[in-house]
Amino acid sequence: MLTININKQLGDLSLAVAAQLPMSGITAIFGRSGAGKTSLINVLGGLSTPDSGEICLNNQTLFSRQQGINLPPERRGIGYVFQEARLFPHYSVRGNLNYGCRDKDVAHFTKVVQLLGLAPLLKRYPLGLSGGEKQRVAIGRALLTKPKMLLMDEPLASLDLPRKRELIPYLIDLAKNLDLPIVYVSHSLDEILQLAEHMLVLENGRVIAKGSLQQVWNSEQMRPWLSAQEQSSLLEVSVAEVNQNYSMTRVTLSDDVSLWVNSVSLQCGAKLRVRIHANHISLCRIRPQQTSIRNIVPVSVIEVQQRDEDNHRQVKLDLAGHTLWANVTCWACDDLAIKPGLSLFAQIKGVSMTAADLAQSH
Amino acid sequence: MILTEYETAALLLSLKVSGVAVLFSLPLGIGCAWLLARVEFPGKALFDSVIHLPLVLPPVVIGYLLLISMGRKGVIGERLFEWFGISFSFNWRGAALAAAIVSFPLMVRAIRQAFEHVDVRLEQAARTLGSSPLRVFMTITLPLTAPGIISGMVLAFARSLGEFGSTITFVSNIPGETRTIPLAMYSFIETPGAESQAARLCVIAIIIALLSLIISQWLTQKAQRRVSATC
């Protein structure tokens, strides 16, 4: 467990973070630029010093104003992957990778090189590498120091879209194969959706939401972040059966609620995370008959919200204990007299769950 | 063109004096350049000015100051001789000391600029990879400063070769001991009928200056190729 409780004044921004980050999987730190994301991980990595507070990593105090402890970065055992790769230009790729190695561990080296596909690059120099290759070397270099935790500051932000697509599978692999907690700073919800298990949302230097990805994603605090197009809910489901004829897969949310999604090549029983866009849900008072829509599920209204600027209302629904958000026009809302406590049927357009939305759960 | 014995002596002495001056002032030059580039401390502006003083002072003033401080009867020179048996007066070591002081600002300027151009973010990255500040300096900062250090050394070497005023004031013009090429040339010019000898030394001076510039450019390019990339 990484326990953070720190305060730091940075110009106009006062960073005040109290949180506990789990020592497993990827924890995303999300917020708009200037919210203090990078400042926070710089504090964790020891690159900047908080004004007050404490940071503890697994019972080891990294920083404590009261006890006068402030471990320098080289003694924290925390790896750091920066937004720009920051490779050393006068070392070859192999030299860069080995820079932080204390003891020769050939097996570990081989494993990291293989995980990141670095073997063909070893003899080259950073100057000739592409952005994605540089970033892979930077990640490998940090991993080879055998850190207790890895910090990543928007490692994909400086890359173009094809390079991003190229790197994401490596990151997913890392999280799966190495038992290493990763703190991942990003302002891209797509990346977070694909990678993270936990999430912490920063605004103006303060934590406004934290917890598991689903919890945070479906929480009120996330609503303002998502445009009407992006409004969505995350549900953890497991694969129940595959209909080969129509290449659709049935996934279950609970014992009696299941959804059909476009076929994904997964084994029965596998866990999956599906994203349902709020714009792709329509609500009916009675169960629709003879409709093209395959997914019709019973829901009950928890609350109805209206954002000032548009003529839509956001309806928070309960679906077998899970949260589901739906966007409905004010007109429809009034016609159907939607109010908290009402039982309805939600129609979900199956096709809205495209492969990109089906981020694999770890 | 075969060199006369006299010319060879002056040439070798010039190379020895300049080489020693550069090598011995290099560590101090790197230290001062680093301080000026990276550390904020009270009195930094004054420190900076003092280092640059030899660049603007008349060399004869420096020679005079050396004479009264480092000569056998000088404030520091007397102690040095008493305690360590080192003497700078009227020998080639004195010439090297004068050359080192006069060329010091040039060396520091070049190295300081190189330090200022080293990306601090690379040093930060090295720290997060477990390196102590000293190891970061030796493995990242210094290698990336190499082109600047080389050009600083060459500038200082060239300036040392040409040093005249402070040398003749401090250690006089002793054949085989302190008579470097500029001093030898001066002697020929003062001697009636030695114009051709002076001209030969002139050509020698031009050749070594050109050679050192070419070598420096080649070395700097070689070093630059490695470190120029921003990664």
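A nonpolar core is taken here as a set of buried Ala, Val, Leu, Ile, Met, Phe, Trp, Tyr and Cys residues joined through side-chain atoms within 4.5 Å, buried meaning under 20% relative accessible area with a 1.4 Å probe and protein chains only. The structure is a predicted model, in which local features need pLDDT of at least 70 and side-chain atom pairs count only at pLDDT 80 or more, whereas totals for chains, interfaces and linings use all residues. Residues are numbered from 1 along each chain as its sequence is written, chains are lettered from A in the order in which they are written, and side-chain values use heavy atoms, without hydrogens and water.

The largest nonpolar core comprises 52 residues, and A:Leu97, A:Leu143 and A:Met199 have the most contacts inside it. Helix 5 of chain A (residues 161–177) supplies the largest share of this core, six residues; helices are DSSP runs of H or I with at least four residues, numbered from the N terminus. A separate core of 38 residues includes A:Ile29, A:Ile41, A:Leu47 and B:Val118. Beyond its neighbours within four places in sequence, A:Met199 is in contact (heavy atoms within 4.5 Å) with residues including A:Phe30, A:Leu189, A:Ile192, A:Leu213 and A:Met222.

The contact between the chains draws 25 residues from chain A and 23 residues from chain B. About 2200 Å² is buried between them, 60% of it on carbon and sulfur atoms; this area is the accessible area (1.4 Å probe) lost when the two parts are put together, summed over both. Two salt bridges are counted between chain B and chain A, a salt bridge being a side-chain nitrogen of Lys or Arg within 4 Å of a carboxyl oxygen of Asp or Glu. B:Arg127 forms a salt bridge with A:Glu74, with 2.6 Å between the closest N and O atoms. On the side of chain B that touches chain A, the elements giving two or more residues are helix 6 (120–128), helix 7 (133–161) and helix 10 (195–227) of chain B.

Helix 7 of chain B also holds B:Pro147, which counts as buried because its relative accessibility is 6%. The C-alpha atoms of B:Pro147 and B:Lys222 are 8.3 Å apart, although 75 residues separate them along the chain.

B:Ser166 lies in helix 8 of chain B (residues 165–171) and, at 0% relative accessibility, is likewise classed as buried. Residues up to four places away in sequence aside, B:Ser166 touches B:Pro59, B:Val60, B:Ile62, B:Gly63, B:Ala98 and B:Val102.

Key
Buried < 20%, exposed > 50% of the residue type's maximum accessible area, 1.4 Å probe, protein only.
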